[in-house]
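Please read it with the structure open.

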Amino acid sequence: MSVRTRVAPSPTGDPHVGTAYVALFNLVFARSQGGQFILRVEDTDQQRSSSASEAAIVEALRWVGLSWDEGPDVGGRFGPYRQSERLGIYRCHADELVASGGAFRCFCSKQRLDELRRRQQTNRETPRYDGHCRNLDPEESRDRALNCETHVVRLDVPETGACRFSDGIRGDIEIPWQQVDMQILVKSDGFPTYHLAAVVDDHLMGITHILRGEEWLPSMPKHRLIYDRFGWTAPAHYHLPLLRNADGSKVSKRRNPTGLNYYRRIGYLPEALRNYLALMGWSMPDEREIFSTEEMTAAFDIDRLTTGGPVFDFAKLDWLNGQYIRSLAPSEFMDRVADWAINRENLAAVAPLVQQRTERLVDLLPQVDYLLGDRAALDESDFAELRLGADGCVRVLDHVGRRLDEQDGWDRDSLQAAIRSLAEAMGISMRDFLAPLFVAVAGRTVALPLFDSMAYLGRDMVRSRLASALSALGGVSKKKAKRLERAYMELEVDEA
């Protein structure tokens, strides 16, 4: 049996370092066994998925040095590799599940489900579907669906007993069925949820081993139930430990840079980042810390995967990246620097901002230092002279970060419209509102046009600079973050 693994990102945001982490282990394991590695795009969330996000993910994974044997960009005999192009396949399988009694149509309204959840929360019960439509007469269910009554398809979950399965890293696991919700498999818009689509695709694409993050462990009973209802053999599963902060919390964009493009923009070498991600879940037999992906593949033993929560240590990553940089020949080092910062593509984006403001070429670098490199480190004194005061600056930077997390377009005009609408909702003049943003992004109160600068830097770099500016202002405790989140949610911000 040929080993086949996959990575299946959802194109609903920026390329995530966790995607590269999981993809690396799937790639290395497949290559170590002479098998195939597949990229599949899980774009069934039609409201949030975008072709731009898919393109960014593909480019970022290519940059970090990962390649695949089959995928939406290279084809393959098990395509299509975008789930939005496989709807007929899921529809047939959902109908088969309903016909066999493995799933059922649910006609419950949103109002009923909201009331059910409120009642369960009041009674301190775990919110879950109560099976209201589970025993509908099959003919009534079919007729209501044929009459176009809004409905979803739910998985029929046993009421008693437990799901028992084996994880390749953690061993035998048992989860009572009472803890498993009757998962929606097909949404009211006809699109499948992840749970149905992933299982169907993994089976039809011949996936033999699934290496994914441990956050998917609670989903295993649902997936095993779907496999069993179809009479399919489930692939071997390995749930990799999550990347964590020093305090044990999951790495998230609110705490640390998580976008792959941040690591690319800040100047990490892709081979160093691959090496570091490998250390997060595995170790070489001789325990050395610096090794290539080819060396990892040659020595890879899946039984050496660890379960401990690896701490994402930026100091360690910096050290490792430095080792790779210093190992380069001077000519290659110059090539890397040119490719990183002063290539024509980057200069083409910067040139219109500075050409009309430059008298001598020597004037260029002081204008763009914060665009081509990191901006100066900040402390509270950098914000001391601003009219909003420290608390006002914290509110602005926090709310801007939240607003930009929701932002789809990342060009000058859309950024300007989004921030202007936020300033209006907060009742702050644009002049006062932008002042702390200039400091956070550029490290000074006067710089090149702010929205052009933000568009050039990209979402990950801007997010990182907002976070470090908040730290310079004393940081935001969990309690304060909750207050700021509530204040933001109460704003009436126009969707620009």
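The points below go from the basis of the model to one hairpin.

1. Basis. This is a predicted model: local features need pLDDT of at least 70, side-chain atom pairs count only at pLDDT 80 or more, and totals for chains, interfaces and linings use all residues. Residues are numbered from 1 along each chain as its sequence is written, and side-chain values use heavy atoms, with hydrogens and water left out.

2. Overall form. The C-alpha atoms fill a box of roughly 80 × 55 × 40 Å along the principal axes.

3. Of the 496 residues, 49% count as buried (under 20% relative accessible area, 1.4 Å probe, protein chains only). Take contacts (heavy atoms within 4.5 Å) between residues at least 6 apart in sequence: 76% join residues at least 24 apart.

4. Surface. The chain exposes about 24300 Å² (Shrake-Rupley method, 1.4 Å probe). Carbon and sulfur atoms supply 49% of that area.

5. Secondary structure. The chain has 20 helices and nine strands. These are DSSP runs: helices are H or I of at least four residues, strands E of at least two, numbered from the N terminus.

6. The hairpin. Strands S5 (residues 162-167) and S6 (residues 171-176) run antiparallel, joined by six bridges; pairing requires at least two DSSP bridges. Three residues lie between S5 and S6 in this hairpin. Arg164 stands opposite Glu174 in S6.

Note on methods:
Buried means under 20% relative accessible area, exposed over 50%, partly exposed in between (1.4 Å probe, protein chains only).
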